[in-house]
Structure formats: structure tokens, C-alpha cells
Amino acid sequence: MAKILAKNKLNDVIAKLKSAGIDLFGPVRDDKHSWYGPVEEAGQLALDLILTDRTLKELFFPQTEPLLKFEIKKQQVDMQEMSPPNRQRVIFAVRPCDAAGIAIDDALFGWDYKDSYWFKRRNDSTIVSIACTAADEFCLCTSLKLSPDSTKGSDILLWPTKDGKGWRVEEITDKGKEFLGRINELLEDSEDQTAAVANVPVKFDLDKVVAWLAEPANFDSSFWREISRRCIGCGACTFLCPTCHCFDIQDEGNTYHGVRQKNWDSCSFAMFTMHTSGHNPRPTQMSRWRQRIMHKFNYYPGKFQANSCSGCGRCTRQCPVDMGIVETLREISKSV
Amino acid sequence: MTAEGNEHIYKPAMMRIAAMRDEAPQVRTLRLEFVDAADHEQFKKNYRTGMFGLYGVFGEGESTFCVASPETRKDYIECTFRETGRVTSTLANCDVGDMISFRGPYGNRFPLEDFEGKNIVFVAGGIALPPTRSVIWSCLDQRDKFKKITIVYGARTVADLVYKQELEEWSKRGDVELVQTVDPGGETPDWKYKIGFVPTVLEQTAPSSDNAVAVMCGPPIMIKFTLVSLNKLGFKPENVYTTLENRMKCGLGKCGRCNVGSVYVCKEGPVFTAAQIAKMPAGDM
């Protein structure tokens, strides 16, 4: 027998969480976009989506994060630190690639200096993922040695049942166990009749790609120029990436008061590395695209033993010039 | 500012401008004092020559430059900057008594203990004297630990030479060989020192590479040719130290922009040997 969570119990789940002071987040949409946002009522959950347009990372690493605010009075500055809201939350119906993206970035935000903004939200969140039973031609989790039913980064993994009426519940972490304890009476015992997970074909040989990138001579290969020619440097792939974590720190305000904040930034932008002198270590779109690929599949794994890509495919799905990581990695894999 | 705990790592220390000095056109040095004694203690514990900081003007943002004062003088922080961007332009308009923010010290350091008992050759160009000055004073403040000290410093014009008071002071000391130069055409009628580019003047000065290390800081073009000159003089790349100066926003290995290849300048640098730099992809510098 398996524990099943029925879809028609979702409003009861939300009510239980609410009574315990816990917020629910999940995939939501309007007529243009979809993202992970606050959910008051089960009908708001966009459960039919293969993947939201935006990623889960913004719930842990918002596009703009106030760090401190200040008041300036002549030669005196009063500075006040700002922290993330102190709210527990459950993030429901997360895709395994999005959950894996968060786990990948834990290493970056946690090494040496620990980023308390990221980890405060990590500690306050329980991630409930749903294994994918559908995929599109851009999905590439399997190429990254992950899968549509990967548990990486998830506290609970839900397996859709064949009848489409609910999910079999798999507990992954202690946090997941705590969540199940809260909703235990809403779960039903039933035969395990879970639907088959999505078939996501492998698009390239990751080991070959990683080996090619690790060869120093290939840093100067003409391949980079050819493959990046179409890139317009819009940065959409980085903003829509579940693992891209680069940021800027900027002040906004006037002579009397203001806020210092951490904003998303992108290695696609020329200003990203521009020196004050005007010298730019990465002066071309080619050098910036190479940086993005090298960072994800060479530098990051070198430091943190994981590729900085969880295979969601958004970079390719939403690229205005039809580029993306898949094409680059497939071409490298073919050339070896 | 600590590595562990719940403290926000982007929280700066408050500093008060205690003094300022104009060094060259649009180049200014500020002496900063900690407002909070606990921040000062933390700095005294952690600061070593070579480290850098993020200096912030509230309402304008933060800018990265080296700590130009040596580890032998930790009562204050001195920084020297050229007025170029948004933050430095505002910083240049600050008055004594104004408050600014400081995060740091971050990064690695010059291994001064490895320099002990050796001859040291300093080579610097223009606005790159400040990171070198931190090492120079660290050595001069404990002069007996080091052998011969040679300083070759040049700028485009006489006006562009920074730390003129200190150059005067060093030239009067008997225990330092100071060689000053300006690029051809940059001299004034009363200029009594060398005329020529730094690498050329370095070769004329010809400091011995026996039992010696070199510390060089300057614009990329100067570094490139100075490396050739040091090589001619017999300096091995592992005995030549320099700093890389990439754009940084966090200083903590997270914001993702200062890397050269896989090397994060903010964490593994800013101090590198020429041997380490030779292994980095030149196309990423």
C-alpha cells in the first residue's frame, strides 16, 4: 500500500498549513506568464504546466534583495540591516529540475562566507516536487545525468497516479517528514498505480563535453566564435536559468536616504566585467558565451563537484535567437 | 564580516574620513577610521598586506580598491583612488568627517615571511603604486628583516606620479634605492630623474635577481613588458608577484564576475605570482 495525496484535498492541505502559519507557494500564471508564486486556493495552481516560464530560484534569491537601508544626516549615517521575511513556507508542485537547481546553488552560497539571505529562505522552505509525466523537446535533465523523477533538492517527491486524481507521496528528507506529519490525516492508503514518468531522450554525451572543455587549448578554439554568432547578449537565458546566480550590489536613493540592494546580473552583459579604465577582460559576446558554458560545466564542477545546470531547457526554450546551451553542448559532443 | 554565523556577509563597517590628501590630478588618498571598535578589532585581526576592500558611498554604491596602508599600521585604512566612476567621483567630493562604508579585508596577501632575508625589487606604474606602497611600507617598517630594497616607479607625466611626499621621503632614506621615471615627453624642465618607460628603466637599473623577489603593479601593457625585462634580469616567474584588478561586486566568491578562467581573483587573489598567471587563459584577462 502507498500513501496517496488526492488533488481534491489540496484546499484542506492549504487550510492546515495556514492554521500553522505556513504559506503555500506553487506554479501560478496569468494570461502571459507563469512562475512560482503565493497560492491561497488550490484552483490557482497551474498543475498542467510542463514547466513555469520563470524558475524557482527567485523564491530564494529574489531579483532584487534589499540588504540595508540608510539615512544620511549631515556627517552622520544611520544604517539598518534588512533581512528576509520570517515566514515558513511550503513550495508545492515544483519540477525536479527546479528543485535540483536550488541544491546546486547551495554550494555557491554556502562556501567560505555563508549568504544568510539564501539560507534563511532555504531553512524556512519545504520543497514538494512532482515527478514529470510530460516533457517537451527542450527538456534535457537526462543529458545532465538527472531525471524527471530526480529527488535532488526536494523534501518530498510526488508521483502522479494513473487515474490523474492525485499523487503517491515519497518522503525524502526530515523536513518532508515534518510536512507529511502535518497533513497525515488527509492522505489515503491505496494501491500504488503511478503513471510512467516522461521519456526525456539524452541529447549529448556530457562526459565528452566536460572532457573537451577541460582541455586548455580549446579555450581559444574557433568553435566559440561560430557557435555564439547569433547571441544578442540579452541575458534572458541567465535570468531564466534555475542555477545562474550572478549578481550586482547597487545603491538606490538620494542625498538623504536610500537602500543598498543585491540585484540579478548577467555574464551576457558587456558591463558585467568592464573595468573603470575601459578595459574589458571579456569584450565580445563570444567571450561572454564561452564564460557561461565554461562556468557551468568546468569552473563550477571544479569547485563544487556539480555542473551548474539542471537541464530545465528554459535557456533554449525562451531564447529570442534560438540558441541556448543544448546546441552548444551537442556540437561539442559531436565534434569529439 | 565573519565567515560563519548568521551575520549578513554584505554588511559593511562604518568608517569616518579622518584626513585626505591630493596625490595627482583626480587622484586622492583618504585616511579612514573605524566608527565601531568591534569592526576595528576585526580588521586588526584579519588585515594583511595585499588584501582589498569594498569602499561604499551611501546612495552611490561600492567600489573595489586595495588597502594602500601596510599591515604594520592598522590604526586606520588608507585608500588611494582616481576619480572616474560614479562612486569615486562622489568619494572625491566627501569631506573630512563624512561617513562611508567599508567591507573587507578580503582576498589573499603578499607572503612577506617568504621575502625575509631577500632583496626586493618593486616595480610600479602610475596609479598602481598604492597596492605596491602597502608592501613597501610593510618592509620599511621592519627594515632589518629584508636585504636591499629597490623601487622603480614611473608615470606618464610628472604630474601623474602619486605619493610625491613619500617618494621624497624614500629618496632621502639611505636604505632604499628609488628610481623615478616619466614617459618621454612627460618630463618638466626641472625634472631631475629618469626619462623612459618603466621596463627600459628597470633594465638600466639592473637589480640583481640573486636571492631576490620582484613585486610589480601597473597597467596591463606595463606588466606585459616588465615581465619580459624581469625575465632578462634572471627573475624566475615564481619569484615575481603582482596583483590582478578585476571588477568585483561581492568580494566573497559569489557574484560571479572576477574570475580569470577558473580562478576567482577575489578569493584566490588578488596577489599572484607570474608563474600562476602564466597558467591562466590569456584570453580572459
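The model is a predicted one, in which local features need pLDDT of at least 70 and side-chain atom pairs count only at pLDDT 80 or more, while totals for chains, interfaces and linings use all residues. Residues are numbered from 1 along each chain as its sequence is written, and chains are lettered from A, with ligands numbered from 1, in the order in which they are written.

Begin by selecting chains A and B together: the contact takes 44 residues from chain A and 36 residues from chain B, where two residues are in contact if their C-beta atoms, placed from the backbone, lie within 7 Å. On chain A, at least two residues each are supplied by strand 4 (64-73), strand 5 (76-81), helix 2 (96-110), strand 11 (247-253), strand 12 (257-264) and helix 8; helices (H or I, at least four residues) and strands (E, at least two) are DSSP runs numbered from the N terminus. Strand 11 of chain A gives the largest share of this side, six residues. By class, the side of chain A that touches chain B has 19 nonpolar, 16 polar and nine charged residues, with Ala, Val, Leu, Ile, Met, Phe, Trp, Tyr, Cys and Pro counted as nonpolar, Asp, Glu, Lys and Arg as charged, and the others, Gly among them, as polar.

Next, colour chain B by domain, with domain 1 at 13-106 and domain 2 at 112-243, bounds that come from an automatic or database domain assignment. Their centres, taken over C-alpha atoms, are 24 Å apart, and 16 residues of domain 1 of chain B are in contact with 17 residues of domain 2 of chain B. On the domain 1 side, strand 1 (13-24) and strand 5 (77-82) of chain B are the elements that give two or more residues.

Staying in chain B, select helix 6 (residues 198-205) and helix 7 (residues 220-232), which pack at about 15° with their axes 8 Å apart; axes are lines fitted to C-alpha atoms, for helices over the stretch in contact, and angles run from 0 to 180 degrees between N-to-C directions. These two helices of chain B are therefore roughly parallel, the word used for angles under 35 degrees. Among the residues making the contact are L202(B) of helix 6 and F225(B) of helix 7.

Finally, return to chain A, where the axes of helix 5 (residues 206-214) and helix 8 (residues 285-304) come within 10 Å and cross at roughly 100°, so that these helices of chain A are roughly perpendicular, a term covering 65 to 115 degrees. V209(A), V210(A), L213(A) and A214(A) of helix 5 meet M294(A), F297(A) and N298(A) of helix 8.

Terms used: Parallel < 35°, antiparallel > 145°, perpendicular 65-115°, else oblique.
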